[in-house]
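Please read it alongside the sequence and the structure shown here.

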Amino acid sequence: RENLVVVGASLAGLRAVEAARKAGFRGAITLVGAEEHLPYDRPPLSKSFLDDRDPEPPVFRTESVLRDDLGVELSLGTPATGLDVAGKQVRVGERCLDYDALVIATGATARTLPGSQHLAGVHTVRTLDDAVAVRKALDAGARTLVVGAGFIGSEIASGARARGLDVTVVEAQATPLVRAVGEVMGSACSRLHHDNGTDLRCGVGVQRVEGDGRVERVVLSDGSVIDAELVVVGIGATPATDWLRDSGLTLDSLDNGVVCDETLCTGAEGVYAAGDVARWHNPVFERAMRLEHWTSAAEQGALAARNALDPAAATPYRTVPYFWSDVYGSRIQFVGVPASDEVRVVEGDPDRGGRIVALYREGDRLAGALTINGQNVIMKYRGLITKATSWPDALAFAEQRRAVAT
Ligand code: FAD
């Protein structure tokens with residue numbers, strides 16, 4: 001193979017080009033990115049980048065490392081607009097790039113609140129430019145309203161509170177994060193907001209955002225009105241697949257992710273997908289998944305490139321999903337899937353805060369684990385899930401840990 005094209009110049013895309021070179025690929029590599037920026041890291045955008053702990057843009061590699069050391073042709077600032085799988089070409093602006101191996105790593109785009117995006121002061125946080133704008137508003141002491149108590153929204157609220165600003169979080173569900181971590185642990189997370197002076201309002205939506213060119217207030221569905229100069233919308237993201245509409249690739253009917261097999265292959269010759277955009281079959285859980293987690297995006301990017309360059313030796317992407325989030329000085333970590341057959345708190349007390357460990361059962365096996373401030377144990381549970389540990393054995397392990405700890 002002579003031409004590797006990677007579309008999406010972020011985490012998965014960067015890992016793809018690095019892995020290609022590491023695997024000894026000597027052909028041409030083109031990295032296509034819609035944003036002007038060099039690939040940068042997103043997790044700090046809602047954490048340390050928002051304050052002066054870490055004010056520099058979290059760029060992964062310098063331009064010279066990418067161009068000179070890795071020999072990558074950078075095509076930044078113009079999105080790919082089409083893919084012809086029969087002709088093996090990607091359309092970028094006026095150009096058509098030939099490929100014989102292609103990695104699709106276009107990630108996801110933040111959902112917006114209909115009818116509000118034209119007002120200054122209303123932002124999502126997906127890109128570096130978004131985060132720069134939010135930081136500027138926080139620097140100016142903006143009263144902040146966050147729509148959605150998911151992880152990103154909660155991190156923004158936490159950052160605003162750390163500056164002593166007034167923060168309201170509006171969440172449509174009765175409990176935050178229900179789909180991500182279930183009800184018991186969702187309540188534990190909502191406690192973090194309350195304990196840190198954030199006004200968390202659940203079971204209520206945004207009716208309209210008002211202002212004269214710039215946001216001034218938000219009217220909620222229960223009729224209450226909240227004055228705010230900054231509105232951060234954290235209501236999820238959708239896979240960036242518009243450019244693939246006419247490509248013939250299969251997009252998931254529910255969430256538009258690029259449907260792949262267990263090796264991340266889309267079914268079109270030489271075309272693989274990775275990261276937030278990819279829905280693939282995960283053999284560990286025997287089901288299709290699309291994750292929006294840093295670790296899987298990095299790992300999938302590398303594997304997609306290796307598989308695309310040597311399809312005969314393609315290997316599956318098997319993983320126990322992992323993500324983390326930092327809110328109000330606490331680290332939340334989750335491994336596996338938030339199965340709902342049973343959630344058992346095995347350490348700590350969600351009503352009291354502090355360190356908490358909860359396990360998730362699916363059928364008769366351990367399927368997930370969540371910790372708050374449990375950094376020393378979370379990867380042990382990940383190991384147990386990988387080994388398909390039974391529920392009783394997982395509980396016995398937890399009991400042992402507790403005995404050692406006390
Ligand atoms: P992305 O990072 O979304 O990158 C896709 C790139 O493709 C973008 O640069 C985009 O501009 C570009 N693109 C889109 N369309 C086109 C096109 N048509 N042509 C060319 N380029 C295109 N995960 C965790 O596990 N823990 C965390 O604490 C955490 N915090 C996060 C905080 C924030 C604010 C955000 C936004 C995400 C966070 N994540 C976290 C998730 C993690 O960052 C993502 O899973 C990861 O960035 C996905 O990488 P990706 O390369 O697949 O996609």
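Two strands pair if DSSP finds at least two bridges between them. Helices (H or I, at least four residues) and strands (E, at least two) are DSSP runs, numbered from the N terminus. The model is predicted: local features need pLDDT of at least 70, side-chain atom pairs count only at pLDDT 80 or more, and totals for chains, interfaces and linings use all residues. Residues are numbered from 1 along each chain as its sequence is written.

**Domains and record annotations**

- The domain assignment, automatic or taken from a database, gives domain 1 (3–109 + 237–313), domain 2 (112–233) and domain 3 (329–405).
- Between domain 2 and domain 3 the C-alpha centres are 29 Å apart.
- Their contact (C-beta atoms, placed from the backbone, within 7 Å) takes eleven residues from domain 2 and 13 residues from domain 3.
- On the side of domain 2 that touches domain 3 there are seven nonpolar, two polar and two charged residues. In this classification, Ala, Val, Leu, Ile, Met, Phe, Trp, Tyr, Cys and Pro are nonpolar, Asp, Glu, Lys and Arg are charged, and the others, Gly among them, are polar.
- UniProt, in an unreviewed entry, places the feature "domain: FAD/NAD(P)-binding" at residues 3–301. UniProt positions follow the numbering used here, feature names are shortened, and annotations may be inferred rather than shown by experiment.
- Residues 3–301 are 23% helix and 29% strand, with 17 Å between the end C-alpha atoms.
- The feature "domain: Reductase C-terminal", also from an unreviewed UniProt entry, is listed for residues 322–394.
- Residues 322–394 are 18% helix and 53% strand, and the end C-alpha atoms of this span lie 18 Å apart.

**Ligand shell**

- There are 36 residues around the ligand, of which Gly 8, Ser 10, Ala 12, Gly 107 and Gly 275 come nearest. A residue is near a molecule or strand if its C-beta atom, placed from the backbone, lies within 6 Å of it.
- The shell has 21 nonpolar, ten polar and five charged residues.
- Domain 1 and domain 2 each contribute at least three residues to the shell around the ligand.
- At least two shell residues come from each of helix H1 (11–22), strand E2 (28–33), helix H6 (294–309) and strand E22 (322–327).

- Six bridges pair E22 with strand E23 (residues 330–336) in the antiparallel sense.
- Ser 325 is opposite Ile 332 in E23.
- The two strands form a hairpin with two residues between them, and Tyr 328 in the turn has a positive phi of about 50°.

**Sheet E4-E5-E6**

- Three strands in the order E4-E5-E6 make an open sheet with antiparallel pairing.
- Strand E4 (80–84) and strand E6 (95–98) each have a single partner strand, so one side of each is left without a neighbour in the sheet.
- On average, neighbouring strands of this sheet are turned by 25° against each other, direction ignored. Axes are lines fitted to C-alpha atoms, for helices over the stretch in contact, and angles run from 0 to 180 degrees between N-to-C directions.
- E4 and strand E5 (residues 89–92) run antiparallel and are joined by four bridges.
- Ala 80 has Val 92 in E5 as its bridge partner.

**Sheet E13-E14-E15**

- The order E13-E14-E15 describes an open sheet of three strands with antiparallel pairing.
- Strand E13 (206–211) and strand E15 (225–227) are the edge strands, each pairing on one side only.
- Neighbouring strands here are turned by 20° against each other on average, direction ignored.
- Strand E14 (residues 215–220) pairs with E15 over three bridges in the antiparallel sense.
- Arg 217 is opposite Asp 227 in E15.

Definitions and conventions: Two residues are in contact if their C-beta atoms, placed from the backbone, lie within 7 Å.
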